[in-house]
Amino acid sequence: MFIGHYSVSYVIKKKELGLPLWHLFLATQLMDIIWCIFIFWGIEKADTNSGLPGSHIHLEYMPYTHSLIGSLILSALMVVFYRILPSNKYKANLNRKSLLMGIAVFSHWVLDLIVHYKDLPIIGNSFKVGFGLYSSAFWSFTLESILLGVGMLIYYYSTNLKKKYGTLTFYLFLLIINANTVWGPVAPNEKIAATFLFICYLLFALITLLMEKVGKNKVANNDISNF
Ligand SMILES: [Zn+2]
C-alpha cells in the first residue's frame, strides 16, 4: 500500500491534535522509508516484476522492515524514541503521543497485509502472508483512494480547525502519484523504485509540514482580524 497509509496519520492526528501531521506521515511510512534505505544498501531484496496488476514491487527478502516481528520492533523503537525526544516542544502528553506514534508505525503492516500477495513474513523471511488485493489494480487503487479520502475528511471536517487549505489539491496530487505507480512505467530496477518512493515519502511529509504552517498562520490572521 502507498498513499492509503496516510489515512491512519489523519485519524490519529484528529485523536491527538498535539502531534504534528508530518511526524505522523513519517511514522505511517517508517517501514517503507527504512525499506528504501535497506534496498539501496542491499540489506533487503525486492524486484519490480511482481506480475501483480496493483503493484510492480515484489518483496523477496524483507525480514527487518516488513516482517510482523520486525514491524513490532520498529513500532516499539518509535515509542521509545518519541518518549525521549530531545525537543521540549512536544513534551505535553508525551506517553499518549509516543504510544500513538508506535501505533502509526505498526498500522503500516496491517494495511500492507490487505494488499500484498503472500510476501509479508511473520518472522525473519518465513511464514509469508498477504490477502492479495494487488491482484486487482482497480480495487487496490480504489481502496487506497477511499481510505485516504475518509481519513482526510475525518480530520479536516470533524474538527473546527481551519486547516483545509489546499487539502483537495493535495488529495488529487497523491492520487495522481499513486495512479502513476500503478499504471505508469515500471521502474527498471528495485533501486530506482526505492529512490522514487523515498523522495515521495519525504516530499509528502514536507508538503504536510508546509500546509500545517500555512493553515496555522491563516487561522492566526483570521483570529486577529476578528478582534
Ligand atoms: Zn510497506
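Visitor: Why is Tyr6 called buried?

Guide: In this predicted model, Tyr6 has a relative accessible area of 0%, and because buried means under 20%, Tyr6 counts as buried. Phe204 meets the same cut-off of under 20%, since its relative accessibility is 0% and it therefore counts as buried.

Visitor: What makes the pair of Tyr6 and Phe204 edge-to-face?

Guide: A search of the whole structure finds 13 aromatic pairs. For Tyr6 and Phe204 the ring centres are 6.0 Å apart, which falls within the 6.5 Å required of a pair, and the planes stand at 85°, which is over the 60 degrees that edge-to-face calls for; the pair is therefore edge-to-face. Tyr6 belongs to helix H1 (residues 6-15) and Phe204 to helix H8, so the pair ties together parts that are 198 residues apart in sequence.

Visitor: How do you know that Tyr10 and Phe25 are edge-to-face?

Guide: Their rings lie 5.7 Å apart, centre to centre, with 85° between the planes, and because a pair needs centres within 6.5 Å and edge-to-face needs planes over 60 degrees apart, the pair of Tyr10 and Phe25 is edge-to-face. Tyr10 lies in helix H1 and Phe25 in helix H2 (residues 21-28), so this pair ties together parts that are 15 residues apart in sequence. Tyr10 is buried at a relative accessible area of 0%, and Phe25 counts as buried at 1%. Ring pairs link these residues into a cluster whose members include Tyr6, Tyr10, Phe25, Tyr201 and Phe204.

Visitor: Why is Tyr61 counted as partly exposed?

Guide: Tyr61, in strand S2 (residues 58-61), has a relative accessibility of 31%; because buried means under 20% and exposed over 50%, with partly exposed in between, Tyr61 counts as partly exposed. Of the 227 residues of the chain, 49% count as buried.

Visitor: What makes the arrangement around the zinc ion irregular?

Guide: The protein donors are Asp32 (OD), His66 (NE2), His108 (NE2) and Asp112 (OD), which lie 2.2 to 2.3 Å from the zinc ion. The 4 donor atoms subtend angles of 82 to 168°, and because four donors count as tetrahedral if all angles lie between 85 and 135 degrees, the range of 82 to 168° does not qualify as tetrahedral; the arrangement is irregular. Asp32 lies in helix H3 (residues 30-41) and His108 in helix H5 (residues 94-115), so the pair ties together parts that are 76 residues apart in sequence. Asp32 and His108 are buried, and along the chain the donors follow the spacing D-x33-H-x41-H-x3-D.

Visitor: Which residues lie closest to the centre of the largest pocket, and how does its lining divide into nonpolar, polar and charged?

Guide: The largest pocket holds about 520 Å³ of space, and of the 27 residues lining it, Ser55, Ile57, Thr181, Ala193 and Leu197 are the closest to its centre. Two or more lining residues come from each of H3, H5, helix H7 (167-183) and helix H8 (190-226), with H8 giving the largest share, 5 residues. The lining divides into 15 nonpolar, 9 polar and 3 charged residues; Ile57, Ala193 and Leu197 are of types that count as nonpolar, whereas Ser55 and Thr181 are of types that count as polar.

Note on methods
Residues are numbered from 1 along each chain as its sequence is written. This is a predicted model: local features need pLDDT of at least 70, side-chain atom pairs count only at pLDDT 80 or more; totals for chains, interfaces and linings use all residues. Side-chain values use heavy atoms; hydrogens and water are left out. Donors are N, O and S atoms within 2.8 Å of the metal (3.2 Å for Na, K and Ca); water is not among the atoms, so sites may look incomplete. Four donors count as tetrahedral if all angles lie between 85 and 135 degrees; four count as square planar and six as octahedral if opposite donors are over 155 degrees apart and all others between 65 and 115; anything else is irregular. Helices (H or I, at least four residues) and strands (E, at least two) are DSSP runs, numbered from the N terminus. Buried means under 20% relative accessible area, exposed over 50%, partly exposed in between (1.4 Å probe, protein chains only). On a 1 Å grid over the protein atoms alone, a cavity is a set of points where a 1.4 Å probe fits but cannot get out, and a pocket is an open set with protein on both sides within 12 Å along at least five of seven lines; lining residues have an atom within 4 Å of a point. Grid points are joined across faces, edges and corners, and a volume is the space filled by probe spheres set on the points. Rings of Phe, Tyr and Trp (its six-membered ring) pair if their centres lie within 6.5 Å; planes under 30 degrees apart count as stacked, over 60 as edge-to-face and the rest as tilted.
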